[in-house]
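The sequence and the coordinates come first, and the description follows.

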Amino acid sequence: MREKMGTNWVVLSYAVFALLFTKAAAKIITTTPYGFPSSMIIQPAAEQQNDQLSLSDKASSDNQLYKEKFFTQILDHFNYNPQSYHTFQQRYLINDKHWGGPTTNSPIFVYTGNEGRIDWFAQNTGFMFETAPRFNALLVFIEHRYYGKSVPFGGNKETAYANSSTLGYLSSAQALADYAAVILDLKNNLTAADSPVVVFGGSYGGMLAAWLRLKYPHVAIGALASSAPILNFDNITSSFSFNNIITQDFRSESENCYKVIKRSWQEIEETAAKPGGLEILRKSFKICKNYMSTDYLEGWLGTAYTYTAMTDYPTPTNFLNPMPAYPVKQMCKAIDDPKTGNNTFEKLYAAASIYYNYTGNAKCFNLIDRSDPHGIRPGWNWQACTEMILLTDGNTEDSIFPASNYSYNDRLEYCKSNYDIDPRPTWIPTEFGARHIHRVLKRFGSNIIFFNGLRDPWSGGGVLKDISKSVVAIVAKEGAHHVDLRFSTSEDPEWLRDVRKREVHIISNWLSQYYHTSADFS
């Protein structure tokens, strides 16, 4: 067994969303999945930089999707200390192409920004753009504080991220208050006080959308929370759930594919222990000559399997990296290819290339690339050390990864070392409610759609059953991470079209009910 990698080794637990071996096995180091909620701590990126397109397939390169605006936001909504009144510029994106205007009380659709640049999320949330004409809706995408261009302390990231004192204003509660303030101010400026607001979000953004509806029901009449693992806290969801779903995704495509990956970890370890073993591994996986580590190689492979399972979309995408339709199936085809015979490393390299090098442009893979194209670090590191303690690290004996149990102590050690703080793993369920969610939301919640695709590892922590007539769960057996929010294509399967039709129908009913009750009070 190898020792921990000094101060650079950290325990990873969502998600960004997740592979942790116990002390009896080697450690897989992974990175936070871009755009996904995760309690994983972000290491130097183990991904190869691909020539990623900055826009989704339907987003125009001349940026006709939105206009960029800024709102002067207060630093601290909940205290009255002198510094609480400091302000920063919070970015939001707006599209009024189809808005019917305030005279008709046309609706406002708001995206609650995730842990990254808001333009990236806007460019991958085609559902809102495609739905706006039907409802004559104004579209607004609000950037999360401390991400993108919405950085406090004069936009100085070095100051904002300096220590726990300046990072202490980064939390989900502050972000929700930000969104409420932006929405109310925007409605006031547009003289649109009676225009109903529906909030949308995917992954962490979906969690925020649901929580905003619950915390600020006077601000939003409803929420579409896609792939929002609001139950992935404090042992409410099993820590084995996440990797169990990844395992099932691959195993459902091919038993041989599953077995090859499962036994590969031992083969990598055994090869690394031989004289010249690291060089054999480096050449087998075309790793760049600047750095080679078995831990990072295993993390590089584990990252590919994890992200591919999350984004196992039925159409080609470039959300994380350029990938084909049904990428898990394509990975397993590569592993099962008889041309590779019994060469495990050749099989794994071909599979990993589906995620890292589908364009064929990469010549080698840099395991210590520190690039952060979507602006996730270091904000998410802080959130993963404070309140976003999502449990994803457990692996059963049948897991595609080596068997392991979740360990909170490693997380605690990292957070104490880097920020001198203790995580608060029970705070999110305390603040927003998670235990006995069906009983609780049935009593006071309303107008929330929870979408989950069961091929998404995060679905295990999602709401999978209807709670009431207006708090509903839409579950797609073949769905992946917030696939419903993506731009539609002519290749979309019927089940995905049906999901979106149902979501539109439910939102239409919310709006009809709003206009009907508004007429009663006028």
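F200 in turn has L224 as its bridge partner in β6, and β5 and strand β6 (residues 222-226) pair in the parallel sense over five bridges. Strands of a sheet pair through backbone hydrogen bonds, either parallel or antiparallel.

Strand β5 (residues 197-202) is mostly covered, with six of its six residues buried; buried means under 20% relative accessible area, exposed over 50%, and partly exposed in between, computed with a 1.4 Å probe on protein chains only. In a regular strand the side chains alternate between the two faces of the sheet. For β5 both faces are covered, with V197, V199 and G201 buried on one side and V198, F200 and G202 buried on the other.

Residues are numbered from 1 along each chain as its sequence is written. Because the model is predicted, local features need pLDDT of at least 70 and side-chain atom pairs count only at pLDDT 80 or more, while totals for chains, interfaces and linings use all residues, and side-chain values use heavy atoms, with hydrogens and water left out.

## The sheet as a whole

The strands belong to an open sheet of eight, with the order β1-β2-β4-β3-β5-β6-β7-β8 and mixed pairing. Its edge strands are β1 (67-74) and β8 (471-476), each of which pairs on one side only. Neighbouring strands of this sheet are turned by 20 degrees against each other on average, direction ignored, where axes are lines fitted to C-alpha atoms, for helices over the stretch in contact, and angles run from 0 to 180 degrees between N-to-C directions.

Strand β3 (residues 108-112) also pairs with strand β4 (residues 138-142), in the parallel sense and over five bridges, and V110 stands opposite V140 in β4.

L224, found in strand β6, is buried with a relative accessible area of 0%. L224 and I449 are 225 residues apart in sequence, yet 4.8 Å apart in space, C-alpha to C-alpha. Y515, in helix α17 (residues 494-521), counts as partly exposed at 30% relative accessibility; Y515 and N105 are 410 residues apart in sequence and 8.7 Å apart in space, C-alpha to C-alpha.

Helix α2 (residues 126-135) is largely enclosed by the rest of the structure, because seven of its ten residues are buried. These are G126, F127, M128, F129, T131, A132 and F135.

## Backbone exceptions

Most residues other than glycine have a negative phi, and most peptide bonds are trans. Helix α2 is followed by N136, whose phi is positive, near 55 degrees. T191, which is not a glycine, has a positive phi of about 50 degrees; T191 lies in the loop between α5 and β5 and counts as exposed at 61% relative accessibility. H436 has a positive phi near 55 degrees, is placed in the loop between α15 and α16 (437-444), and counts as exposed at 53% relative accessibility.

A cis peptide bond joins R377 and P378, with omega about -10 degrees. P378 is in the loop between α12 (344-356) and α13.

## The largest pocket

The largest pocket has a volume of about 430 Å³. Of the 17 residues that line this pocket, the closest to its centre are G168, L170, S171, E387 and R424, and the elements that give two or more residues to its lining are α5 (172-189), α13 (379-386) and α15 (427-432). By class, the lining has seven nonpolar, five polar and five charged residues, with Ala, Val, Leu, Ile, Met, Phe, Trp, Tyr, Cys and Pro counted as nonpolar, Asp, Glu, Lys and Arg as charged, and the others, Gly among them, as polar.

On a 1 Å grid over the protein atoms alone, a pocket is an open set of points where a 1.4 Å probe fits, with protein on both sides within 12 Å along at least five of seven lines, and lining residues have an atom within 4 Å of a point. Grid points are joined across faces, edges and corners, and a volume is the space filled by probe spheres set on the points.

Note on methods: Helices (H or I, at least four residues) and strands (E, at least two) are DSSP runs, numbered from the N terminus. Two strands pair if DSSP finds at least two bridges between them.
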